Amino acid sequence: MIKCISCGKEYPIDEIIYTCKECGAILEVIINPDVSKDVFDCRKQTMWKYKEFMPVDESKIVSLEEGGTPFCKCDKLGEELGIDLYVKVEGSNPTGSFKDRGMSVGITKAMELGVNTVGCASTGNTSASLAAYAARAGVRCVVLLPSGKVALGKLAQAMFHGAEVLSVKGNFDEALEAVTALALEGQLYLLNSVNPFRLEGQKSIGFEIVDDLGWKSPDRIILPVGNAGNISAIWKGINEFYEAGFIEDRPMMTGIQAEGACPIVNAVRKGKMEIDPVTQPETVATAIRIGAPVSSLKALRAIYDSDGYADTVTDEEILSAQKLLARKEGIGVEPASAASIAGLIKLVEEGVVEKGEQVVCIVTGHLLKDPNTAIDACVEPLEVDADINKLAAILNNK
Ligand code: F0G
């Protein structure tokens, strides 16, 4: 069943619908499988390990074996901060971001519904992922990208997998409005995170975290927030496992936004349930350069209901955290992903995160998604002759 998160109106699971016909709010999928967690034992480490919780026809699954991503204990950084730190490395998914989890379920649903065109607006990763899964399923794919603002790795992926890529004059929020209008006209099946089936895949991040911790909840999960689908999805996953009796506690959901694109943080600071859209969002973390997140109500509920938190970080803090994680722990992530680490550092300094807390930071996309920002942050390599004496002299000078 699909259900409105505001007025509770229910819709059949196979209806193509993105917002409630009664009140206009967004929707969620309701699923209550009656299974023991023992069924997960010995299954392959992909998100389909938890297939009973995925509301799609098992015989139609379109998968690139997404999920089952590394869960790295980061002792060096953790000890420096005085916490027990794990980093969930979503850049290890097939197209290099967590979006693959959502697209696997989303495209499977598209196959069930028999649609022949799928589409999305994107700051980059959603389009890269959709293009790959649409190719695998053999359906037409149309993506709308804010012109000149998409990191090159993501643009290359969308084009290379054969999507029809349209560069929209405007920002992400405007592109999303346009593609939503196309979807409502029936021109394409929309696979932005307003589509509740996307979040059904992404909730598996929450499943994996508690499974990796031996069926325990961490104290806190910290992640970057853009269109606000992922924080909502992970909270949904955590609650499903809590309701099923698989875990006894739940984490404080902590969302981090860039200072120049922070409508959710502004709402939390005022204790409000509605956001005021940011009309000209700006940040080096282009993935989260979003002013009017569609899942803001779900995200705000996740933050309030979990006794969580939300805060901003500056572009400078993001870039410095990106480098720190790469050099101290060997984990290369794109700028938006580093917002979670930058946020953690800030919250430890402010005493919001307490000493000894067990914290999971989700790093959402791979370093090479945004190669230009990575290269710009480094000095040019030294050009040398392939001469052992000259090379040795250079090494010994250092
Ligand atoms: N991190 C990365 C790397 C992302 O690509 C995104 C969103 C987010 C974090 C934020 O997640 O939107 O669920 O709050 N990227 C979308 C896109 C908007 O089009 O690729 P969110």
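Which side chain has an N or O atom 2.9 Å from a nitrogen atom of the ligand? The side chain of Lys 99 does.

Some ground rules. This is a predicted model, where local features need pLDDT of at least 70, side-chain atom pairs count only at pLDDT 80 or more, and totals for chains, interfaces and linings use all residues. Numbering starts from 1 along each chain as its sequence is written, and side-chain values use heavy atoms, without hydrogens and water.

Next, more polar contacts (N or O pairs within 3.5 Å). Asn 125 has a side-chain N or O atom 2.8 Å from a ligand oxygen. Thr 364 puts a polar side-chain atom 2.7 Å from a ligand nitrogen. Taken alone, the ligand exposes 470 Å², and the protein buries 99% of that (Shrake-Rupley, 1.4 Å probe).

Now the shell. There are 20 residues around the ligand, each with a heavy atom within 4 Å. Ser 122, Gly 226, Asn 227, Asn 230 and Thr 364 come nearest.

Where does the ligand lie relative to the domains? Domain 2 (71-93 + 198-376) and domain 3 (97-196) both contribute shell residues, so the ligand lies between them. Those bounds come from an automatic or database assignment.

Definitions and conventions
Polar contact = N/O pair within 3.5 Å; in protein donor to acceptor, adjacent residues only side chain to side chain.
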